[in-house]
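Student: I have not looked at this structure before, and I would like to go through it slowly. Could you guide me by way of a few questions?

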Amino acid sequence: MSNTVFSEISKIDKFVRDTNIFVNKDILTIKKASGAGVGIFASTDIPKDTIIVKIPKSSIFTSKTCTINNLLSEESIEGIMGIHLAVLYELFVFKDSKSHWYDYLSFIFADCLDNKRSTGFYLPPGYWSDEEKLLLKGTLLDCQYDGLKTHKDIITIYKQFVSIAYKWNKECDLEIPAILKNEKYSNLTEEELDAEITEEEENLLNSSLDFFKFIEIGFIISSRVFEIDCYHLFGLVCIVDLFNHDSKEDIHFENDYDVCEICGKLECGHMIEEEEGSEVGSSDEEHSESDDSRNKDYNTESEEEEENIDVSDEDNDQISTHHDQDDVCEIRTIHDIEKGNQIYNTYGKFPNAVLLLKYGFVVENNPYDKVSLVKEFNEVVDMISGIDKYDIEKRLRWWKEEGIFMFDEELESDETDLELNDEEDIEESEDDVIEEECEEEGEDDVIEEDNDKENDVIEEEDDISDEVDIETFWKDKIYIDSFGEASPFLERLCIILAMTKEQFDEKKLQLDSNSLEAIKSTEIKQLLALSLKMLKKILNKKKLYKIPETHQHLPNINEIKKMLLIENDIILKCKENFNLQ
Ligand SMILES: C[S@@+](CC[C@H](N)C(=O)[O-])C[C@H]1O[C@@H](n2cnc3c(N)ncnc32)[C@H](O)[C@@H]1O
């Protein structure tokens, strides 16, 4: 769990004051939240649309605002990777005396700084003990997300960071963060960095405490990071990162995403240059020129400081004046909140497996939760008789490569139709108003822009089959949902597998849901009965998980038990819905 400690909260008071973060203390209380570290609560009734926190973008820790921002941009490291590397320097190199961010970062990474800690490392499930991972075998986390495996990408990132740290040390005498000290990777070529990670290498690193600390820091970042805008990309947002998660959110994080990608401002010379440039067709040059000139300043600075990098006060002044005061993010309540209630943010519409992988916790009554049926589906398919194996493979291949995307669109258009029907009445009455407003404000351009955006979305959707990993996509759709219902994709796939050869090949029923409806009633009845039988066989194969009773010594046993109990609950609901024992 990436929780902070309530008794240490005063550590961030000074940071909050110094960086002009506005917290409406008259209506908010920060306190212990049962089972979830610290949380934020309403100390009075709070009406809808109240701004409860305001934070200047310059007070958000990002790869652009951190102390080594100039070095990161020279290496083209940005986003979450940039934050990861920057945190190592703020915590272990610049520390209290030189880091403008230390009070905040040492609060959220307190455990990582404590060399005598009594708790183990806070790591994603792939790094848990074999005993713990065994208990989660067969869950969605295992079947769909490969969450019980360690991932080699993190090793490549570690090697890259070590190599860069040695380079900066050589070029600008910048101290190497202790956890990146590893001579073996101190001078890697591009080729060596890209090379396949060997098992020996993996085993060696997986027995290093510094490497675990490196992963832990990455995991804490993953559990607290926010998407900011197209300039900063991601960031750690003090105070805002104290809101706990619930699928029913109380607040919205509001900010302008579309800012200038060069300087991060909402309006600036670069944007005008770009507009003018695009008219005369020279925007790229001008952009890169201004980009270079900005980098030149930073480069010169780093050259000047080559002898001895002095990080901070000056740089931090530059950071805090770099953005306009009105470049702020706001937290706004989206409905009335009652006094005493915890105020929740939502981290996304994620099943518990993803919550555990990204944030280290699971929640009960999660409407987005699922139980995987991939293993059970494959077992039943292996037992199908009456159709030859080649035919089954052909149908499955068609489903994975084409059918599933067509069905996805079919479901989406059904949903859109439903929404449109609901909205029709409202829209009709609003039409006159909109027409009037457009006339007044000359909004033709806006409408065109909106259309362009819609076209982009449609194009993007058309490309979906090219972008997603086909294996991951189809498996993700083979599940029981949180209400104990089989996924519509699984139902349709069972129909496809239950078809006769003629129904599949000649009538092409799989391509057209209308002809599926129109098919002769006796024929369809038989087909649906067969497919329901197959579906029930699959569901019947799903067994309840054994809840461990004697494993209290395992550090992650509470989350494991919670996860298994929740999946069992869904399986039981499903058995009831389908009258299975
Ligand atoms: C962004 S932080 C939220 C503040 C955090 N509770 C703290 O003490 O600093 C995210 C972390 O809070 C915890 N958390 C958030 N929502 C939770 C929930 N509904 N149940 C349990 N833990 C939760 C998890 O440890 C998660 O990694």
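Tutor: Two strands pair if DSSP finds at least two bridges between them. Please keep in mind that this is a predicted model.

Student: Which residue of E4 is the bridge partner of Phe 22?

Tutor: Phe 22 lies in strand E1, and E1 pairs with strand E4 (residues 51-56) in the antiparallel sense over 2 bridges. Leaving aside its neighbours within four places in sequence, Phe 22 is in contact with Ile 51, Ile 52, Val 53 and Lys 54. Of the residues in E4, the bridge partner of Phe 22 is Lys 54.

Student: Is Phe 22 buried, partly exposed or exposed?

Tutor: Buried means under 20% relative accessible area and exposed means over 50%, with partly exposed in between. The relative accessible area of Phe 22 is 39%, so this residue is partly exposed.

Student: Turning to helix H16, within what arc do its buried residues fall?

Tutor: Helix H16 covers residues 374-383, and its buried residues are Val 374, Glu 376, Phe 377, Val 380 and Val 381. They line one face of the helix, because, seen down the axis of H16, they fall within an arc of 160°.

Note on methods
Residues numbered from 1 in each chain as written. Predicted model: local features only at pLDDT ≥ 70, side-chain atom pairs only at ≥ 80, totals over all residues. Heavy atoms only, no water. Buried < 20%, exposed > 50% of the residue type's maximum accessible area, 1.4 Å probe, protein only. Helix = DSSP H or I, 4+ residues; strand = E, 2+ residues; numbered from the N terminus. Arc of directions from axis to C-beta. Contact = heavy atoms within 4.5 Å.
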